[in-house]
Amino acid sequence: MNTTNTRLQVMWNRLLAVVEEQGQALIRAAFSPIVRECGDISAGIFDLQGRMLAQAVTGTPGHINTMAEAVKTLRGRFRLQDMRPGDIYLTNDPWIASGHLNDFLLLMPVFYRDQVVGFTSCTSHLVDLGGLGMGPEGADIYDEGLLIPPCKLMDEGVLNTLLMEIVKANSREPVANEGDIYALIACCEAGAKRLAGMMDEFGIDHLDELADYIIDASYRASVEAIAELPKGTWRNVLKVDGYEREIDLHAALSIGEDRVELDFTGTSGLSSKGINVPLNYATAYSVFALRCIIGPDIPNNAGSLAPFHVTGPKDCILNAQPPAPVAMRHTLGQMTPDLVYGCLSQAVPDSVPAEGASCMYDLPLRHAPEAVSRGDEQFALELVFSGGTGARPGLDGLSATAFPSGVWGSQVETTEAVAPVLITRRELKPDSGGSGRTRGGLGQHIEMRSSKDEDFMLFLSVERVLNPARGRFGGEEGAPGRIRIGKDGPDLPGKGEVRVKAGETLIFETPGGGGFGDPQDRPCEDVQRDLEEGLISQKMAREIYGIDP
Amino acid sequence: MREENGLRLAVDIGGTFTDTVLVDGRGHILATTKTPTTIENPTLGALAGAKHVLAESGSEWSQIGGFIHGTTLATNALIERRGAVVATVTSEGFRDILEIAYERRFNQYEINLVKPDLIVPRSRAFTIGGRMDARAQELQPLEEEAVSRLAAELVACGAEAVAICLMHAYANPAHELRLRDLLRARLPDLVISLSHEVSPEAREFDRLSTTIANAYIQPQMASYLADFQARFNQEGLTCPILMMTAAGGMTTIETAARLPIRLVESGPAGGAILAARLAAETSEREVLSFDMGGTTAKLCLIDQYRPQAARKFEIARAARFIKGSGMPVRIPVIEMIEIGAGGGSIAHVDRLYRLQVGPESAGSEPGPAAFAKGGTEPTVTDADVVQGLIEPERFAEGRLRIDMDAAKTALASGIGEILGLGAVQVANGVSEIVDENMAAAGRMHAVESGKDLAARLMIAFGGNGPLHATRVARRAQVDRILIPRDPGVGSAVGFLFAPVSFEIIRSRYATLEALDLDALKAFFDAMIEEAEAVVRAGAPEGRLTRRRRAFMRYHGQGHEIEIPLPDRALEKTDMPALLGAFEKEYSHQFSRAVPGMTVEILNWALEVSSESPALTSHSEVLAKQPAQPTGQRQILCEVSSEWRNADLFDRSALRPGDQLGGPALIIEPQTTTFVSADFSAEIDGGLNIWLTRNREGNR
């Protein structure tokens, strides 16, 4: 390293700052609640070859590899000599962009002194693309809405108005979609402008040297982190609820000297419902989970991602092929970290948490269909609630906290202000955290009804109702998720449509995380504290922890 | 009472130093001093500082007609967790508002993340039946029969203070008020904070967290303020003491004792007030204030002479200043970005062999290696010393010995060895990284606020602000910088320009198309009555100004945009103009409005203030002359990367109209202004230094 490297490092910091700035601007301008609450966007800067140099750290890991791969794909589709300043390319192809139609990916070549020097790219979740809408009910991708193959959205700064009209004409939320697309365009343009400005400031006219520096340093650090791990292959099977039947997810994790390979061979086949997962998306969550343990401080870029390789047989449910329905690919995608951790835990038992609730419990609520004709209030609300995370080897799991997604929960007061619902209870559910030397995080207990004595509809696509989070090394499993209407109502399945009638109370419990280690080894004072705080019952203290309060 | 001809005294008690400034009736500084903060009883240090400036200027206590006090005590009590035993009472069914919060982790990749400690454990979290809804209707009466059980629980858990936060109390506080009365009747010594008084905004977690913070410091602050007042009165002070708030206004001791949470971060607010004042005096409409001290740097955007306001900030963020890692507090504040970059920030190398600076700081003890007080870790100040930017003989008025060799060793031994660099190269790298960090934080902050940094005037102060200003400005594309007089005690000077003011931000949900104008009028009238009563207590006479604002957004969005409202009841005919103002500001921030989308309003603000002291105007300086250097020294020029001779100037000798070119160092007792090679400097009629970047020359 010499002083030139300090300059390169300053430029690297600058690129990281630019993508974060882009990401923030995109989140603020977005209309989709999932973008606002989860930061379901991405922004990145790429070199001339399409290698990712910097990516914003945003709320959802679903964009981590997908964007890096998508840009390479688009880069291969369009010829460099055909690109002009002001051009922007677009696609929402789930197998290129980010796993379902709602995610729009834009790519803009960056010009400096009349030459393409690199690219900026960004992705955002649009509210509605027509079809059956966000839900698992589509039989194929054609049911799920409008697919736009890679094409030009802007031609030398002029908007492709026909394309914009098509997107609007095929959506229930045309105004919001248009707003989101403009926000994406502004995000690309701002990134391009800032990149060119940086090149001006530092007096460089290409990114090659900077790109090599970033990628080499990140690759080297990642390989060093991998080198510290034991070598070998470890396998795990995770049973999940699925829709029409339970599903087995299989993984084999191989750690070599300088690479980590993950393979899904053995995993169940496709579902007839839209919970199938394209491989790019399964890869994103799997690699995210691995990188939380292996070099989490190394930024995401082509170098740090290079040692990770994910494969799976075609048409297993984690490598769905077109035209499979994939709208709710995140339901199972979010389970892949637990699948991967089951392997990794065998290699490094002191670093990996137990299984957690993992799948976010989102609650898309709508007015009943007859509300329109009856003149009742029409509304659409997407609340997201989280369960508990798995116990960590040295720490209890986190109660009511999202992982692996970075989703934000909502506030009861703001929810009740904007929608005709009344939430009468939202508390941690005692005894729901799996017991162990360290305890799993607790799930929540939520009760909700219409505030207007009108029916409303609920669209479920959640996991861990039949298969709760398992503990590790003697830790117990966490409580399963549970959905019912009224205290004595029958338990409802985790997927499908539910009508909550006027006056009825929807009761909704999010799963707890699994425990870690033998509960008998839990320090007495920790059990006592849990008791004092009412997180566990006296019965559990006595029967599981063997402590007489 | 503020007498026209009386003297005015400002005391800013910080963590390390207490700054005291005395001005005459026209606002001219008579004396300033920096005394060590007396941690055990901060009032003693304040008294010492006040006596010092009175003696220096030959003044008497009885001449003081205005006294403004700002203190970091409230903030420190929260950061160091030295507060009361607090319990909470929330609505039945909502015991876990604090633990559930926003259900998120503040760091996406940290498996072993520990959430911030929010003071009240679940064992001291109680509930009571009764429910209001979002439209202020009572759905279920308060469960009064449960109050004796509640009182017993509060006593049993040892609570000294209780934070009461009932669902939708911002809309209808009846249950909170009734519960307070019932508890007070049973437990007269219990300190009670009510959420609708402390923070009347929707969002139960933020409101509860703010109420807890208030309750936590209330007993301690109330007794501190009473003692402070008694001791100063005993010395002979006859005027009332006004307290500086985080929002940049002043309030009475009584209000401060009731709502001490409003006192947090008042020191930095003083700096922003100073910058806003200078902006107004120099007619600069877009300003970035840059306050760099020993541990952190604070940046604030100032538009139209008004510091950017916010409704929320976080206390005690975890070491890396990560958003979400602290305790959220929702009160009116001056919006500032604070990053761990100061003179004492420590440099190190990470596993990617990247040079990193901060946020860990060597603080004032042991301090940078160059201070020779036992510090061995390389810091930003060490890098400045090695680059020749600090003249050892005159640093801190010669009170601190600067050890150049210790600075070189610190830089070369740890970092230099790992990276294969010499001390000078490391020093250059440390500066580049820390300056880039500050510039990046500023740019990010501007983007988050929908604003741009370029074209702004930077106003730099604090112990290290003038030293790093040109370097940070260049990276932020800022071309002009102003260094005020006495930049080392900028916050205390700022206190003297603050009005007496009080702001209330209250939630009331409505869509723009269906506003209930009569109800809104009553809503504002109630806020006006409450705020005016508070302000009149501190400013019994004189004209009061009111400012009304609405926080608007498109339905479906989370980001609210602040829109000024006329100071009168809204009428139907105002609606098109309001929508127009929203769309204009929206398209300014996001390049394009979204016609046809519903616009909604959740929060409304009302601020009442007295008038600020009149502006001082300086006649334009017509005669320009080259300034006379007092000497030269070798510095590492960061523009050419070569050692060059820099002219040295004594700030106290510079006169209006003096001009000089970089590289140069302008030295004064508490700081040094570094004029980079690509900047030139000029002194204005108010003795401010103006630095201007020459884009073409010297590159």
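In this predicted model, helix α7 (residues 279-293) of chain A packs against helix α10 (residues 336-347) of chain A at an angle of about 45°, and their axes lie 8 Å apart. Angles from 65 to 115 degrees would count as roughly perpendicular and those under 35 as roughly parallel; α7(A) and α10(A) are therefore oblique to each other. The crossing of α7(A) past α10(A) is right-handed. On the α7(A) side the contact is made by A282(A), Y285(A), S286(A), A289(A), L290(A), C292(A) and I293(A), and on the α10(A) side by T336(A), P337(A), V340(A), Y341(A) and L344(A). By class, these residues are ten nonpolar, two polar and no charged.

Helix α7(A) also packs with helix α3 (residues 64-77) of chain A, here at an angle of about 130° with the axes 6 Å apart. That angle makes α3(A) oblique to α7(A). From α3(A), the residues I64(A), N65(A) and T66(A) make the contact, and from α7(A), N280(A), Y281(A), T283(A), A284(A), V287(A) and F288(A). This contact has five nonpolar, four polar and no charged residues.

Next comes the interface between the chains. Chain A contributes 90 residues to the contact and chain B 81 residues. Together the two chains bury about 7,100 Å², with 55% of it on carbon and sulfur atoms. Of the area that chain B buries against chain A, 13% is supplied by E103(B), Y109(B) and I111(B), more than any other three residues supply. Six salt bridges are counted between chain B and chain A. R443(B) forms a salt bridge with E21(A), in which the closest N and O atoms are 3.4 Å apart.

Key: Residues numbered from 1 in each chain as written. Chains lettered and ligands numbered in written order. Predicted model: local features only at pLDDT ≥ 70, side-chain atom pairs only at ≥ 80, totals over all residues. Heavy atoms only, no water. Axes fitted to C-alpha atoms, helices over the stretch in contact; angles between N-to-C directions. Helix = DSSP H or I, 4+ residues; strand = E, 2+ residues; numbered from the N terminus. Parallel < 35°, antiparallel > 145°, perpendicular 65-115°, else oblique. Left-handed = near helix turned anticlockwise from the far one by under 90°. Contact = heavy atoms within 4.5 Å. Nonpolar A, V, L, I, M, F, W, Y, C, P; charged D, E, K, R; others polar. Buried area = accessible area lost by both parts, 1.4 Å probe. Salt bridge = Lys/Arg side-chain N within 4 Å of Asp/Glu carboxyl O.
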